[in-house]
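Subject: Structure handover

Hello,

Here is the structure for you to look through. My notes follow below it.

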Amino acid sequence: MQKLCKHLGQPGKNINDDIKALVAGGLDPRIQKALDVVRVVGNNAVHPGQIDLKDDRATAESLFRLLNLIVEKMISEPKHVDEVYAALPEDARKAIEKRDGK
């Protein structure tokens, strides 16, 4: 989570503060919930770079699914949209920017 928060533009020192900053920046409430679940449950089970093999398998799998969802929504999907948008003809992009007052 700390490394993910850094990738999302946060310091990565205090995950709770990083989530707060992301929320202030307009974070989707569902992603906030997923981040908080991983933060709260994961904090009791793992630390950066460590996995405790005594952890409950179902919980670990659930946390990994949430983490994958967060990455998909916060990193993969925006990157894909940006790549497809960049492939639009320049005239179309300029018309969109003009429409949006950019």
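Start with K73, which forms a salt bridge with E77; their closest N and O atoms are 3.2 Å apart. By salt bridge I mean a side-chain nitrogen of Lys or Arg within 4 Å of a carboxyl oxygen of Asp or Glu. Both K73 and E77 sit in helix α4, four residues apart, about one turn of the helix. An α-helix has 3.6 residues a turn, so residues three or four places apart point the same way.

K73 counts as partly exposed because its relative accessibility is 41%. E77 is also partly exposed, at 32%. The cut-offs: buried is under 20% relative accessible area, exposed is over 50%, and partly exposed is in between (1.4 Å probe, protein chains only).

Two points on provenance. This is a predicted model, so local features need pLDDT of at least 70 and side-chain atom pairs count only at pLDDT 80 or more, while totals for chains, interfaces and linings use all residues. Residues are numbered from 1 along each chain as its sequence is written, and side-chain values use heavy atoms, with hydrogens and water left out.

**Overall fold**

The protein chain has five helices and zero strands. Along the sequence the pattern reads α-α-α-α-α. Helices (H or I, at least four residues) and strands (E, at least two) are DSSP runs, numbered from the N terminus. Of the 102 residues, 17% count as buried. The accessible surface of the chain is about 7,700 Å², and carbon and sulfur atoms account for 54% of that. Areas come from the Shrake-Rupley method with a 1.4 Å probe; for residues, only the protein chains shown count as cover.

Take contacts between residues at least 6 apart in sequence: 42% of them join residues at least 24 apart. Contact here means heavy atoms within 4.5 Å.

**Helix α4**

Helix α4 covers residues 57-86. Its 30 residues should span 44 Å at 1.5 Å a residue, and the end C-alpha atoms are 42 Å apart, which agrees. The expected span is 1.5 Å times one less than the number of residues. There is also a kink of about 40° in α4, centred on E72. The bend at a residue is the angle between axes fitted to the seven residues ending there and the seven starting there.

**Other salt bridges**

The structure holds six salt bridges. R57 is exposed at 65%, whereas E61 is partly exposed at 34%.

D100 pairs with R99 in a salt bridge, with the closest N and O atoms 2.7 Å apart. D100 is partly exposed at 39%; R99 is exposed at 62%.

**Loop between α1 and α2**

This loop lies between α1 (2-7) and α2 (15-24), and N14 is in it. N14 is partly exposed at 37%. Its C-alpha atom is 9.8 Å from that of M1, 13 residues away along the chain. Q10 is in the loop too, but it is buried, at 18%. Beyond its neighbours within four places in sequence, Q10 contacts C5, D18, A21 and L22.

**Surface patch**

V37, V40 and V41 form a nonpolar surface patch, with about 190 Å² of accessible area together. Patches take residues with over 30% relative accessible area and no salt bridge; like charges are joined within 9 Å, nonpolar side chains (Val, Leu, Ile, Met, Phe, Trp, Tyr) within 5 Å. V37 lies in helix α3 (residues 29-43) and is partly exposed at 36%.

Best wishes
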